[in-house]
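This briefing covers one chain, starting with a single side chain and then moving through topics in turn. Please look over the sequence and the model before reading on.

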Amino acid sequence: MAIRFLITLILFGNLVYAKDIVYKQDPSQSLSGNSPENSSYKTNADAISSSISNDFLIAKSKKFIGKTIKSENSTTRGAVDANLYKTISPSVVLILTKVASGSGSVISNDGLILTNYHVIENSKDVTVIFKPLKDTQKIQDSDIKKGRVIKVDQISDLALIKIDGMPQVKSPIKLGDDSDISVGIDVHAIGHPENQNWSYSKGIISQYRTNFKWTEYNQADVIQTQTPISQGSSGGPLLNDQATLIGVNSFFKKDGQGLNFAVSIGEVKKFIARSGDRYANQKVATKKSTIQNKCESKELYRGKSKDGLNDVISFDTYCTGKIDFEYVYPSDKSKAMYVHMDTNGDEYMDVMVFSPKRDGKFTVSLWDTDFDRTWDTMGIHDDGTIKPTSTKPYIP
């Protein structure tokens, strides 16, 4: 059963993770019957809910297709900085999960990508978007790759993603060493702050802090910098003047100026060398995984909607005790039956899939892919299944 993803900015006191929040979904099976009495509802709710992942990633990533990327290097002070951006930015990727977005660094020729754990938390599959070859080019389908999470460390907040078929023109970013870290040296960051993709910023190292604890679960050697980062920068590289990766941009202090932090390269190398995953509480992580794997949908309600205008069957498909999936049949039989889904756990439905003839054959769907409670994407269902055959921007 799919895991319940909570869409919340992760705030610990006044420390903020530098990731952006986004979304979730995918359907693949059509429904049978046209009335609430049909006995296959629970089975279909399980099947649809468990599969509703990839299509939402696809719908989200398609928003970037055709988008022109320009160099965001307004703070560049010279030719060295401009050349560093030109050299490294093609190896900095945009990472999309079901509920968040962040940055990542290509660190090997065979498609290994380094990022933060909190960017991909609870995700097995992610979408990876590469920068077009030229700043004036638009993002194409070929720039979008599927990635899988192969290793995580919750404590040091690091993760590795593997993609297949890495673009040949992309070169891995060279990993540095702790000896490359000195207070006062210039450092550079490239990432996707506040959806401003492939942005460049520059600052200096303010301090190197060992065994720094920034949440109940996170502790590592970190680099404190004045290099500006924002939500969406998480997982991106912190670089020295030699274009060597010396840290992974991770979090910043919300009410402080110039208090930004990156997990150090020493922690990165220990993470890569360490076998297996590492969690703050391994017993809790194991128990959580076991509960999630055993989760089965539960019918929570069957009857009339509050306004009395619809027959509704409501399910908890993620074992949270809350409704996240509904079949809705308007009492006016001239109106379409539809499926409602809350895919991010905020108790607001962010997907509607319509069956005008109430026969389980779907024609159109609406998606709120950024969870702002406004429909932004329309799905077209040419084959009648609940899985959209294509998507396009929704214009009311």
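## Briefing

Asp311 is partly exposed, with a relative accessible area of 27%; the classes used here are buried (under 20% relative accessible area), exposed (over 50%) and partly exposed (in between), taken with a 1.4 Å probe and protein chains only. The model is predicted: local features need pLDDT of at least 70 and side-chain atom pairs count only at pLDDT 80 or more, while totals for chains, interfaces and linings use all residues. Residues are numbered from 1 along each chain as its sequence is written, and side-chain values use heavy atoms, with hydrogens and water left out.

**The chain as a whole**

- The secondary structure comes to six helices and 23 strands; helices (H or I, at least four residues) and strands (E, at least two) are DSSP runs, numbered from the N terminus.
- Of the 396 residues in the chain, 53% are buried.
- Contacts between residues at least 6 apart in sequence join residues at least 24 apart in 59% of cases, a contact being heavy atoms within 4.5 Å.

**The eight-stranded sheet**

- Eight strands make up an open antiparallel sheet, ordered S16-S17-S18-S19-S20-S21-S22-S23.
- Its edges are strand S16 (298-304) and strand S23 (390-393), each of which pairs on one side only; two strands count as paired if DSSP finds at least two bridges between them.
- On average, neighbouring strands of this sheet are turned by 15° against each other, direction ignored; axes are lines fitted to C-alpha atoms, for helices over the stretch in contact, and angles run from 0 to 180 degrees between N-to-C directions.
- Strand S20 (residues 351-355) runs antiparallel to strand S21 (residues 364-367) and is joined to S21 by four bridges.
- Within this pair, Val351 stands opposite Trp367 in S21.
- Strand S17 (residues 310-316) holds Asn310, which is buried with a relative accessible area of 13%.
- Beyond residues up to four places away in sequence, Asn310 touches Gly303, Lys304, Ser305, Val328, Tyr329, Pro330 and Ser331.

**Helix H5**

- Helix H5 (residues 265-273) has Ile265, Gly266, Glu267, Val268 and Phe271 as its buried residues.
- These buried residues pack against six strands by name: S6 (112-115), S8 (144-153), S9 (158-163), S12 (219-225), S14 (245-253) and S15 (260-264).

**Salt bridges**

- A search of the whole structure finds eleven salt bridges, each being a side-chain nitrogen of Lys or Arg within 4 Å of a carboxyl oxygen of Asp or Glu.
- Arg148 and Asp164 form a salt bridge, with the closest N and O atoms 3.4 Å apart.
- Asp164 lies in the loop between S9 and strand S10 (186-191) and Arg148 lies in strand S8, so this pair ties together parts that are 16 residues apart in sequence.
- Asp164 is exposed at 52% relative accessible area, whereas Arg148 is partly exposed at 39%.
- Asp153 and Arg274 meet through their side chains in a salt bridge of 2.5 Å, N to O.
- This pair links distant parts of the chain, 121 residues apart: Asp153 is in strand S8, and Arg274 is in the loop between H5 and helix H6 (282-294).
- Asp153 is buried, with a relative accessible area of 0%, while Arg274 is partly exposed at 25%.
- Asp311 forms a salt bridge with Lys304, the closest N and O atoms being 3.3 Å apart, and Lys304 is partly exposed at 41% relative accessibility.

**Val183 in its loop**

- Val183 sits in the loop between S9 and S10 and is exposed, with a relative accessible area of 51%.
- Setting aside neighbours within four places in sequence, Val183 is in contact with Ile205, Ser206, Gln207 and Tyr208.
- Between Val183 and Gln224 the C-alpha to C-alpha distance is 9.1 Å, and the two residues are 41 residues apart in sequence.

**A nonpolar surface patch**

- Leu300, Tyr301 and Ile323 make a nonpolar surface patch of about 230 Å².
- Patches are made of residues with over 30% relative accessible area and no salt bridge; like charges are joined within 9 Å and nonpolar side chains (Val, Leu, Ile, Met, Phe, Trp, Tyr) within 5 Å.
- Leu300 belongs to strand S16 and is partly exposed, with a relative accessible area of 35%.

Conventions
Areas by Shrake-Rupley, 256 points an atom, 1.4 Å probe, with all protein chains shown as cover.
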